[in-house]
Amino acid sequence: MKPFTVMPLEEANDLRHPSGSTRFLAGGTNLVDLMKHQIETPDTLIDLSGWKSANTICEDEDQFLIGAMVSNTALAKFAYQHPSLSLLAQALLSGATVQLRNRATTAGNLLQRTRCYQFYDTTKPCNKREPGSGCSAIGSFNRIHAILGTSPHCIASHPSDMATAMTALDASVNTITPDGQTRSIPVRQLYKLPGDTPHLETWLQENELIVNVSIPKHSAGTQVYKKVRDRSSYAFALVSVACDMQLKDGIITDVRLAFGSVGPHPWHAQSTESFLKGKTATAALFEEAAEIALSPAQGFGGNDYKIPMLKRTLIHVLQQVADHQSAQPGHQGAIYAR
Amino acid sequence: MPDITINGRAYALPEDPRTTLLDFLHQELAMFGAKKGCDHGQCGACTVLVNDERMNACLLLAFQLAGKTVTTIEGIASEDALHPLQQAFIDKDAFQCGYCTSGQICSGVALQQELADNQPSTLWFDEHYTRLEDVKERLSGNLCRCGAYPHIVEAVTTVTEAE
């Protein structure tokens, strides 16, 4: 690990640091790992461990407000108790392990970096790690990589389950900019596509601090987070589907859809949502929806399988949710929950 | 330097902020119970309890733990007797090489409390939930390269059922 200095947040009242090598340190489950690999080499860490006010979850009539430093474990427990947040509980609990979830934080999870093998291998070119050096994932081992939203400069995928659920639930991050302003950014608009600048991953300014995450209290239906992976636990998704859907008399009245591990960021399936709304739920409709959802998809050899896999997963989830809504009209939350 | 409490005793935190809790335990306190396996939060051999929550010591920068209480495998037993889970590991022959054992036991001790606290797991959303599968899921952050899993799971469930 390269040497760095530490500044507690309370002393960092001016977040306008001159260099680009200041990082906020929350749980560190990703950043410390990246620093050990010398992929991240900050000069200064702003230590958030004493930021008590960011450790709370509150709610009012319109929204749930989750502090940036709330652990994945605490958030999963809270979400588990609220059927309208079941998607979030399912996603969080499917991710990592208890050890990591006890330490990982809400804001840190949203900002975690890709698990692209070539990004982690400092002997290989990577435009995300070293802008302009090239992408060594294209044309080599790339079975975990993205099939949507890629560019000739980067095909890395975003690994977060939680962020995928947040995308489906239309959460927003509330931030403080380095010049002291506050603003709110929908998670669906937080991330940049790679284009020719894959090292720029979000629309956050340098040293812009996420304070909390807001999830609107909208009317929810049956919620499923389906994660497909190489082993049944402790693995990143190959593909995942987050779905919250409501039916009335067989008609889809509302649907929220996001896909994980298939794009450079959690993938909001907006066109598929629009296609499904107002139509009668049938197997043929879901087949067609999957074709629409994946029509822009492009494989790179090793990850070609993700296209049919995501189609099948999506169809399965839509059918499962529709069946459940038909059996239990007005149902809210998970299909199976203890 | 501010303090950290490890197994009931206060220690000054290391001066170099790059020091992980795991390296602090090994290099400055000569406590080698928590093992260095992958050193990247992937194997669970370094699992310790921080304020009673299990975490990977290799990913914790020690300076962030000012004022926290840490329990390592060295602090699991009482003065007079092994922790019931330690005894169960012996009774059920739950180790082969033993390298992952301290992490497995710390994880298993935390797991008992998580079950008592009704902490949800992903298995709670599974149509085919069983308590046994739930325990396996909760232990999945600890890898055993010998493959002693059946005995480890048996040791943990023996203690869980007894409580």
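Modeller: A salt bridge here is a side-chain nitrogen of Lys or Arg within 4 Å of a carboxyl oxygen of Asp or Glu, and across the interface of chain A and chain B that rule finds 1 such pair. This is a predicted model, in which local features need pLDDT of at least 70 and side-chain atom pairs pLDDT 80 or more, while totals for chains, interfaces and linings use all residues. Residues are numbered from 1 along each chain as its sequence is written, chains are lettered from A and ligands numbered from 1 in written order, and side-chain values use heavy atoms, without hydrogens or water.

The bridge between the chains joins the side chain of K36(A) to that of D39(B), with N and O 2.9 Å apart. Around this pair, the side of chain A that touches chain B draws at least two residues from each of α1 (31-36), β3 (44-47), α2 (72-80), α3 (86-94) and α4 (98-103) of chain A, where helices (H or I, at least four residues) and strands (E, at least two) are DSSP runs numbered from the N terminus. By class, this side of chain A is made of 19 nonpolar, 14 polar and 7 charged residues; Ala, Val, Leu, Ile, Met, Phe, Trp, Tyr, Cys and Pro count as nonpolar, Asp, Glu, Lys and Arg as charged, and the rest, including Gly, as polar.

Counting contacts (heavy atoms within 4.5 Å), chain A brings 40 residues to the meeting and chain B brings 38 residues. In terms of buried area (the accessible area, with a 1.4 Å probe, that two parts lose on being put together, summed over both), about 3,400 Å² is hidden between chain A and chain B, and carbon and sulfur atoms give 58% of this area. On the chain A side, three residues stand out: Q99(A), Y336(A) and R338(A) supply 21% of the area that chain A buries against chain B, more than any other three residues.

For comparison with the bridge between the chains, the structure holds 23 salt bridges over all chains. One within chain A pairs E201(A) with K128(A), their closest N and O atoms being 2.8 Å apart. Because E201(A) sits in the loop between β7 (182-186) and β8 (209-216) of chain A, while K128(A) sits in the loop between α6 (117-120) and α7 (161-168) of chain A, the pair ties together parts that are 73 residues apart in sequence.
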